[in-house]
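This report goes through selected features of the structure shown below, from helix packing to chain symmetry.

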There are 2 protein chains.
Amino acid sequence: MDITGSMLIGSQSVTGTSKTIYAINPATNERLSPAFHGGTQADVNAAAELAWAAFDAYRETAPEQRAQFLECIADEILALGDTLVQRAMAESGLPQARIEGERGRTMGQLKLFANVVRTGNYLDVRIDPAMPDRAPLPRNDLRLRTIALGPVAVFGASNFPLAFSVAGGDTASALAAGCPVVVKAHSAHPGTSELVGKAIQTAVKKSGMPEGVFSLLFGSGREVGAELVKHPLIKAVGFTGSRSGGTALMNIAANRPEPIPVYAEMSSINPVFLMPAALKARGEALGKGFVGSLTMGAGQFCTNPGLVIAVDSPELDGFLVAAQAALKDVTTQTMLTPGIFQAYSGGVDALKNNANVEQVGEGQGSANPNQCQAGLFSTTAAQFLADDSLTEEVFGASSLVIKCNDVAEFIKVAEHLEGQLTATIQLDEADYGDAAQLLPTLERKAGRILCNGFPTGVEVCHAMVHGGPFPATSDSRSTSVGSAAINRFIRPVSYQDLPQALLPEALKDGNPLKLRRLMDGKSE
Amino acid sequence: MDITGSMLIGSQSVTGTSKTIYAINPATNERLSPAFHGGTQADVNAAAELAWAAFDAYRETAPEQRAQFLECIADEILALGDTLVQRAMAESGLPQARIEGERGRTMGQLKLFANVVRTGNYLDVRIDPAMPDRAPLPRNDLRLRTIALGPVAVFGASNFPLAFSVAGGDTASALAAGCPVVVKAHSAHPGTSELVGKAIQTAVKKSGMPEGVFSLLFGSGREVGAELVKHPLIKAVGFTGSRSGGTALMNIAANRPEPIPVYAEMSSINPVFLMPAALKARGEALGKGFVGSLTMGAGQFCTNPGLVIAVDSPELDGFLVAAQAALKDVTTQTMLTPGIFQAYSGGVDALKNNANVEQVGEGQGSANPNQCQAGLFSTTAAQFLADDSLTEEVFGASSLVIKCNDVAEFIKVAEHLEGQLTATIQLDEADYGDAAQLLPTLERKAGRILCNGFPTGVEVCHAMVHGGPFPATSDSRSTSVGSAAINRFIRPVSYQDLPQALLPEALKDGNPLKLRRLMDGKSE
């Protein structure tokens with residue numbers, strides 16, 4: 001399949017007339033062909049209007065039909081074959097195994113949501129039967145199901161060019177919910193975006209879905225992205241990226257005549273608490289394991305462990321020596337974009353130039369372009385609490401160790417943090433008491449709490465929360481990974497005394513869709 | 001029990017030092033004693049800090065303990081006896097039967113949420129067991145439950161001095177979720193608020209809850225209310241009231257350093273569609289029934305039917321003649337406040353002075369203060385579509401009939417509407433085809449769709465949605481009535497590989513709380 005540089009608006013390929021975008025190979029800083037032509041307000045309108053035209057029909061497609069559509073997208077992505085893998089590698093600097101793994105994850109997500117649609121728990125069916133003889137007033141027949149919110153604007157993420165981009169988690173969950181999707185492609189991987197977009201376009205056609213169910217636009221976030229979020233026919237937004245980008249979209253959405261929900265996954269430094277007994281028992285192994293999590297994928301994960309909290313002690317010194325040694329073996333990795341590399345270098349330089357911060361170790365360097373040299377730093381809890389700049393995310397393989405006077409100070413450090421995607425506790429049985437003291441704070445601060453692991457690696461399953469209080473996300477009530485992500489794109493509707501002929505299938509007597517229902521308050 | 005004019009901050013009575021508020025008896029315009037002293041920023045701080053101090057302990061109270069606390073509040077409200085009923089009548093102008101009924105509803109809501117806490121479905125427990133042998137990577141043990149968001153600011157509503165005020169639906173659902181509550185009392189019924197607040201304060205003490213679980217503040221929305229929503233320790237807002245009041249709170253919340261969710265139930269004109277066969281079969285009965293719904297409680301309900309849509313026809317004339325006749329028998333009723341009466345009179349005058357609107361009928365008048373004289377008006381669909389002022393809510397017993405050329409025009413009128421709490425269809429079997437055409441639009445526009453009834457009367461049950469797209473509410477994903485209202489005040493947290501000793505009860509092996517769980521994606 002050729003990459004043409006055109007946008008996909010419904011079933012059409014449309015060549016933009018706004019600014020031209022080129023992908024850059026970050027490993028070489030070379031420009032990749034072809035040119036991608038950015039869209040205009042007219043393209044935003046066309047995509048949003050097609051999405052709106054498709055909405056009523058698409059949201060009422062039968063569950064099996066919608067599930068097969070999602071599975072068809074997965075098949076079409078695989079059918080792109082090596083063309084997709086090579087292009088994604090060239091545009092992202094990520095190695096082949098990672099891209100192939102991410103493709104598998106992307107397909108897995110689509111298939112998970114296919115089964116979520118089939119099962120239908122997200123419809124939250126509740127039936128309170130009529131009680132005509134109730135005194136003093138009879139009760140009407142009331143039935144609740146959820147319906148889709150409307151067309152969703154999805155912003156592809158730079159760090160997952162497949163799994164959180166054009167056909168990623170936001171798109172999969174929105175389509176599963178019954179929402180048409182208009183994607184604003186990330187300018188770092190436009191070719192990958194076009195290829196995946198064409199796979200979806202093919203699946204739309206093969207599955208007999210209304211064409212407006214999917215469109216793909218190119219352009220800048222400030223122009224095409226902002227116009228999309230402002231568009232009155234767009235009813236929700238999915239975004240993964242920077243705090244500044246996410247909060248900008250939140251502001252636009254809140255200031256619309258009709259405000260809409262924004263699900264932005266933004267910023268997290270993912271504290272790792274090393275409890276004393278665990279540190280004593282396996283400080284060296286923890287140091288090694290930590291460096292593995294820190295440097296994987298050049299640290300370009302939302303859940304990268306950017307903060308380590310421990311009591312200043314000989315055991316911590318053992319951890320640091322092991323981490324330092326492990327870091328020395330870490331070769332550089334190409335970062336996703338020159339911009340991310342520059343931001344990373346700036347963040348690391350700020351730590352190096354901070355008089356209250358000490359460098360503990362670093363990975364190998366390289367003269368090649370955009371190479372991430374891992375860095376590990378330390379400071380004291382007192383200094384950390386006094387310097388807000390130290391809570392800022394450095395996106396990449398850099399982490400800061402906070403040396404505390406005692407375990408009680410862990411809670412002070414935790415309370416000082418903003419909202420997080422994850423919080424990790426390394427602990428042994430002797431640490432349970434201290435951990436129990438810390439847990440309430442971590443529950444208030446993070447979407448996921450993990451023990452004796454590292455936060456990188458986000459399972460796509462039912463019990464996952466990839467979310468958390470602001471600024472980890474814009475909406476702590478949601479997750480962007482896992483089956484509960486579908487809940488972001490639905491709202492409840494109640495039907496009172498509707499005749500059977502007019503009720504949606506999900507609510508009809510006899511439960512034709514075989515859904516889990518709450519009948520008069522009882523699960524059945 | 002005496003009414004003292006003091007605020008309740010935790011277990012203390014605190015006399016405010018800001019502006020003085022008096023309740024007004026709207027039936028006489030007389031000032032009621034005592035004086036209520038408004039709070040200051042310091043009182044907001046004190047209440048929020050106590051709420052925060054109570055939060056971690058309160059949110060982890062055992063379900064049975066929290067359920068009994070809610071039931072104890074209901075008992076303490078009943079124990080206020082006639083003192084409460086008389087004071088609520090004097091402050092609201094509402095008749096005794098209504099206040100007693102509303103007290104029953106308030107207690108019923110508290111008891112419903114007690115059972116919601118006991119059942120625990122809102123915890124949304126999901127367990128994905130570890131798969132240590134999975135290739136290429138093992139799966140960790142992942143368990144999800146919801147936790148409470150944090151302290152909630154609740155704004156009492158004028159039109160339900162009991163059921164949507166101090167111990168109303170917002171407070172009951174927030175307390176059920178595990179959130180401490182700080183109420184900003186509505187200045188129209190401060191005495192009722194103090195009495196109910198003391199009932200909650202007593203229940204907090206009797207139930208052994210941390211004192212900060214509940215506080216009650218007096219003061220203006222612009223001062224005390226705004227400061228409360230700005231306070232960093234407040235994590236969500238519940239509000240029922242005007243569109244201007246609700247959107248002001250939305251703006252404050254969106255512009256905080258940490259934005260928080262606002263659940264504002266604001267504005268709805270609740271269209272009623274009269275389908276041709278139904279109108280033909282029972283136009284007269286519909287006219288009578290409609291006037292009953294329109295004028296109940298002086299029309300001071302969020303779901304009051306402010307819009308009637310029908311085909312211009314002899315059958316509609318029959319409906320209008322019956323409505324006109326029924327209206328003539330409607331005596332005036334005292335409105336809740338002089339402000340509401342003035343706004344109603346202004347809205348009715350605007351309709352009377354609108355050259356494109358005709359008056360169809362009106363209720364009886366009165367020279368007594370603040371009396372609502374019911375009004376019924378009509379216009380054509382073309383005029384309605386051309387004049388945005390006609391979609392504005394007139395809070396009170398006024399309604400506008402839209403005469404359409406044909407049923408196809410119903411959809412145009414429906415599409416022209418903003419978000420609504422309800423949409424009603426009066427239909428017979430011959431109308432099902434037309435209704436099916438209209439339904440997709442109504443689903444997009446409203447939170448509840450009802451057939452062959454009238455929208456007033458909101459059942460407190462599991463399948464109720466008292467919500468809807470903006471501006472009916474600030475958040476279409478929520479309901480403020482019924483058991484699903486608890487979902488507004490929770491967020492999911494995922495626990496990865498936590499030892500049993502540290503897991504919350506809801507997630508432990510053996511399911512000690514006997515919760516409905518999703519085990520590896522399957523309901524059990």
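In what follows, contact means that heavy atoms lie within 4.5 Å. The model is predicted, and the values given here are computed from it.

The helices concerned span residues 63-79 and residues 190-206 of chain B, and their axes come within 8 Å and cross at roughly 135°. Angles over 145 degrees would count as roughly antiparallel and those from 65 to 115 as roughly perpendicular, and α2(B) is therefore oblique to α6(B). The crossing in which α2(B) passes α6(B) is right-handed.

In chain A, helix α2 (residues 63-79) and helix α6 (residues 190-206) likewise have axes that come within 8 Å and cross at roughly 135°, which makes α2(A) oblique to α6(A). The crossing of α2(A) and α6(A) is right-handed. On the α2(A) side the contact involves F69(A), C72(A), I73(A), E76(A) and I77(A), and on the α6(A) side V196(A), A199(A), I200(A), T202(A), A203(A), V204(A) and K206(A). The contact of α2(A) with α6(A) divides into nine nonpolar, one polar and two charged residues.

**Helices α3 and α4 of chain A**

A further pair in chain A is formed by helix α3 (residues 81-92) and helix α4 (residues 96-119), which pack at an angle of about 120° with their axes 9 Å apart. At that angle, α3(A) and α4(A) are therefore oblique to each other, and their crossing is right-handed. Helix α3(A) contributes G81(A), D82(A), L84(A), V85(A), Q86(A), A88(A), M89(A) and S92(A) to the contact, while α4(A) contributes Q96(A), I99(A), E100(A) and R103(A). By class, this contact of α3(A) with α4(A) has five nonpolar, four polar and three charged residues.

| Helix pair | Crossing angle | Axis distance |
|---|---|---|
| α2(B) and α6(B) | roughly 135° | within 8 Å |
| α2(A) and α6(A) | roughly 135° | within 8 Å |
| α3(A) and α4(A) | about 120° | 9 Å |

**Backbone details**

Two cis peptide bonds in chain A may be noted. One joins S33(A) and P34(A), with omega about 0°, and P34(A) is found in strand β4 (residues 30-37) of chain A. The other runs from A135(A) to P136(A), with omega near 0°, and P136(A) lies in the loop between β5 (125-128) and β6 (142-148) of chain A. In chain B, D124(B), a residue other than glycine, has a positive phi near 50°, and D124(B) is placed in the loop between α4 (96-119) and β5 (125-128) of chain B.

**The annotated domain**

An unreviewed UniProt entry carries the annotation "domain: Aldehyde dehydrogenase" over residues 15-458 of chain A. Over residues 15-458, chain A is 45% helix and 20% strand, and the end C-alpha atoms of this stretch are 37 Å apart.

**Relation between the chains**

How is chain A laid on chain B, in terms of a turn and a shift? A turn of 180° with a shift of 0.0 Å along the axis superposes chain A on chain B with an RMSD of 0.0 Å, and that is the relation of a two-fold axis. The same surface serves both copies, since 100% of the contact residues of chain A recur in chain B. Of the residues of chain A, A254(A) comes closest to the rotation axis, with its C-alpha at 3.5 Å.

Definitions and conventions
Residues are numbered from 1 along each chain as its sequence is written. Chains are lettered from A and ligands numbered from 1 in the order in which they are written. This is a predicted model: local features need pLDDT of at least 70, side-chain atom pairs count only at pLDDT 80 or more; totals for chains, interfaces and linings use all residues. Side-chain values use heavy atoms; hydrogens and water are left out. Axes are lines fitted to C-alpha atoms, for helices over the stretch in contact, and angles run from 0 to 180 degrees between N-to-C directions. Helices (H or I, at least four residues) and strands (E, at least two) are DSSP runs, numbered from the N terminus. Angles under 35 degrees count as roughly parallel, over 145 as roughly antiparallel, 65 to 115 as roughly perpendicular and the rest as oblique. A crossing is left-handed if the near helix is turned anticlockwise from the far one by less than a right angle, and right-handed if clockwise. Ala, Val, Leu, Ile, Met, Phe, Trp, Tyr, Cys and Pro count as nonpolar, Asp, Glu, Lys and Arg as charged, and the others, Gly among them, as polar. Copies are superposed by least squares on the C-alpha atoms of residues with pLDDT of at least 70 in both. UniProt positions are given in the numbering used here, feature names are shortened, and annotations may be inferred rather than shown by experiment.
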